[in-house]
Amino acid sequence: MKTINKFLILMALSLSFTSCLVDDDVLTDAISETPDLVGFTSSTLNALVTEGTGSYDRSATVKVIGPNRASITEDVALTIEVNSASTAIAGIHYDLSTTSVTLTPEGDLTGEVPFTVLSDDSSISAPSTFTLILDIVGTSGGNGVIPSGRTGSLKINISYLCNSDLAGDYVTTSGPFANVTVTELADGVYEHSTLPGLSSGGNAIPFEFSDSCGDITIDTLVLGGGYLVQGSGTVDPTTGVITINGYILYNSTTVDSGPFFDNSGNTYVYTPN
């Protein structure tokens, strides 16, 4: 009887092991038959330019992903189209020099879709934003690579800013520092050398702000990225005087953390030096 029981147990283990091998083979086959996908590496892209300042060359990255990507040995050709839902107009807001992109194994099956943002047309008035939506509508090669349903489209927000020139030295009667410096970081984006009315251990707290046609927006992180600051202000177009209409410093990186220092009731004026 014991011999028969041992035989039955061995048979059951053998069948179980064989079943596992079959399941593994089925899973491996299923993975190998899953098509690789190609898509943009981001679903949105922001292109900020100043009106009337010429053209700007930009690009959007596309990449092949999937379980069989490493075994692809041939080029993958993509066809790009502009989605009809786009509000940007060709020749006015953008130029798309090509609608064909080739990804090669030597290039890690990664490439760029080039486009040019235009800013000089007389119809463009800042501040304004137009969307350019690019779709991957066709592929060939790469052992059946297909467009991704999730990242096969890219929404490009083309935003026009007013000409802004706020960089320089300023003086203020608002403490704790009478002399401040504003440094340009990008078109319409600046760093102010000190958060008005506040210091950290006696040291100035630099912060970033943006200028859009004379409207100042403060929405940035300070003190090593640990605290959110939000506020607003204006720029006098004649004198260049910057007025900050208060701000709130939050306990953490989100508004939900609550105010740590509420300075929204104060006004700070900075006069070009």
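A: Happy to! Let's start with a polar contact of 2.5 Å that joins the side chains of Ser164 and Asp211. A polar contact here is a pair of N or O atoms within 3.5 Å; within protein, one must be able to donate a hydrogen and the other to accept it, and residues adjacent in sequence count only if both atoms are side-chain atoms. Before going further, please note that this is a predicted model, in which local features need pLDDT of at least 70 and side-chain atom pairs count only at pLDDT 80 or more, while totals for chains, interfaces and linings use all residues. Residues are numbered from 1 along each chain as its sequence is written, and side-chain values use heavy atoms, with hydrogens and water left out.

Where does Ser164 lie? Its place is the loop between strand 10 (153–161) and strand 11 (168–171); strands (E, at least two residues) are DSSP runs, numbered from the N terminus. Ser164 has a relative accessible area of 11%, so it is buried, a word that means under 20% relative accessible area, with exposed over 50% and partly exposed in between (1.4 Å probe, protein chains only). Setting aside residues up to four places away in sequence, Ser164 touches Glu184, Gly188, Tyr190 and Asp211, where contact means heavy atoms within 4.5 Å.

Because the torsion about the S-S bond of Cys162 and Cys213 is about 85 degrees, the disulfide is right-handed. The two ends can be described by accessibility as well: Cys162 counts as buried at 15%, whereas Cys213 counts as partly exposed at 30%.

Another loop, between strand 13 (189–192) and strand 14, is the place of Leu198. Leu198 is buried, at 15% relative accessibility, and its C-alpha atom is separated by 9.9 Å from that of Leu249, 51 residues apart along the chain.

Finally, Ile248 sits in strand 17 (residues 242–250) and is buried at 17%. Leaving aside neighbours within four places in sequence, its contacts include Leu228, Pro259 and Phe261.

Key. Helices (H or I, at least four residues) and strands (E, at least two) are DSSP runs, numbered from the N terminus. A disulfide is a pair of cysteine sulfur atoms within 2.5 Å.
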